[in-house]
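This briefing is meant for a reader who is meeting the structure for the first time.

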Amino acid sequence: MYKLFLPVLFLLSTCGNQTKLEVGQIKTPKGEILIWLYDETPNHKQSFLQLAKNGYWDSLTFNRVIPDFVAQGGCPDTPEGFNDPEYLLEPEFNDKLSHEYGAVGAGRDDNPGKLSARCQFYIVQNKNGVHRLDGDYTVFGKVIKGMDVVDAIVNSPRDSIDQPLTPISLDVNIIKMNAEELKALAVNK
């Protein structure tokens, strides 16, 4: 589950406990989710960091929740979210990054270039993964704490377009964690 996360923990343990790394934090009414952001997708990682630090998502919600599929947050599925060049990113596909349980990916429409709408993200909630999305959508992170929260989010009552009946607000931040804190999360999984 943490195949790319564990080597980083090993590297950190050799560097000492003083090194602090940036981790995505999503606070919701249902609890906290922590996300490891992959260096293998530098543009998507940087985009997430920038939007989180700017408070972009803090007035938005998880707007699409589907059990055994994904919890999607950020801008709703609107033309603006898919057409504004400021919010589009070239895909960063990586064979080592797949749509497994807890994977964090970038939303997009059906554009032929498979450009990501950086204002949207989703978390894979299907325990078997959603591998039909591999190579079509960029995976740029992994939930390292809070999949129980994601499970609760996708199982919220929803309408016919999979929008939660009670909005699930987002408070997205970047926190700094050291090797000891990150190892404790991995051990407690």
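**The sheet and its surroundings**

Eight strands make up an open sheet with antiparallel pairing, in the order 3-4-8-6-9-2-1-10. The edges are held by strand 3 and strand 10, each of which has a single partner strand, so one side of each is left without a neighbour in the sheet. From one strand to the next, the twist averages 35°. The model described here is a predicted one.

**Pairing within the sheet**

- Strand 1 (residues 20–28) and strand 2 run antiparallel and are joined by 5 bridges; the two form a hairpin, with 2 residues between them.
- Within this pairing, Gly-24 stands opposite Ile-35 in strand 2.
- Strand 2 is also joined to strand 9, again antiparallel, by 4 bridges, and there Leu-37 has Gly-141 of strand 9 as its bridge partner.
- Because 5 of its 7 residues are buried, strand 2 is largely enclosed by the rest of the structure.
- Strand 6 and strand 9 run antiparallel and are joined by 3 bridges; the bridge partner of Ala-103 is Lys-142 in strand 9.

**Helices against the sheet**

- Helix 2 packs on the sheet, where it touches strand 1, strand 2, strand 6, strand 8, strand 9 and strand 10, and its direction makes about 115° with that of strand 10.
- Helix 4 lies across strand 1, strand 2, strand 3, strand 4 (70–74), strand 8 and strand 9, and it runs at about 115° to strand 2.

**A buried polar residue**

- Gln-25 lies in strand 1 and, at 9% relative accessibility, counts as buried, since the cut-off is under 20%.
- The side chains of Gln-25 and Glu-32 are joined by a polar contact of 2.7 Å.
- Beyond residues up to four places away in sequence, the residues that Gln-25 touches include Glu-32, Ile-33 and Leu-34, as well as Asp-171, Val-172 and Asn-173.

**Aromatic rings**

- The whole structure holds 7 aromatic pairs, and one of them is the tilted pair of Phe-48 and Trp-57, with 5.0 Å centre to centre and 35° between the planes.
- Trp-57 also pairs edge-to-face with Phe-121, at 5.3 Å centre to centre and 85° between the planes; since Trp-57 lies in the loop between helix 2 and strand 3 and Phe-121 in strand 8, this pair ties together parts that are 64 residues apart in sequence.
- One aromatic cluster is formed by Phe-48, Tyr-56, Trp-57, Phe-62, Phe-121 and Phe-140.

Conventions. Residues are numbered from 1 along each chain as its sequence is written. This is a predicted model: local features need pLDDT of at least 70, side-chain atom pairs count only at pLDDT 80 or more; totals for chains, interfaces and linings use all residues. Side-chain values use heavy atoms; hydrogens and water are left out. Buried means under 20% relative accessible area, exposed over 50%, partly exposed in between (1.4 Å probe, protein chains only). Two strands pair if DSSP finds at least two bridges between them. A polar contact is a pair of N or O atoms within 3.5 Å; within protein, one must be able to donate a hydrogen and the other to accept it, and residues adjacent in sequence count only if both atoms are side-chain atoms. Contact means heavy atoms within 4.5 Å. Axes are lines fitted to C-alpha atoms, for helices over the stretch in contact, and angles run from 0 to 180 degrees between N-to-C directions. Rings of Phe, Tyr and Trp (its six-membered ring) pair if their centres lie within 6.5 Å; planes under 30 degrees apart count as stacked, over 60 as edge-to-face and the rest as tilted.
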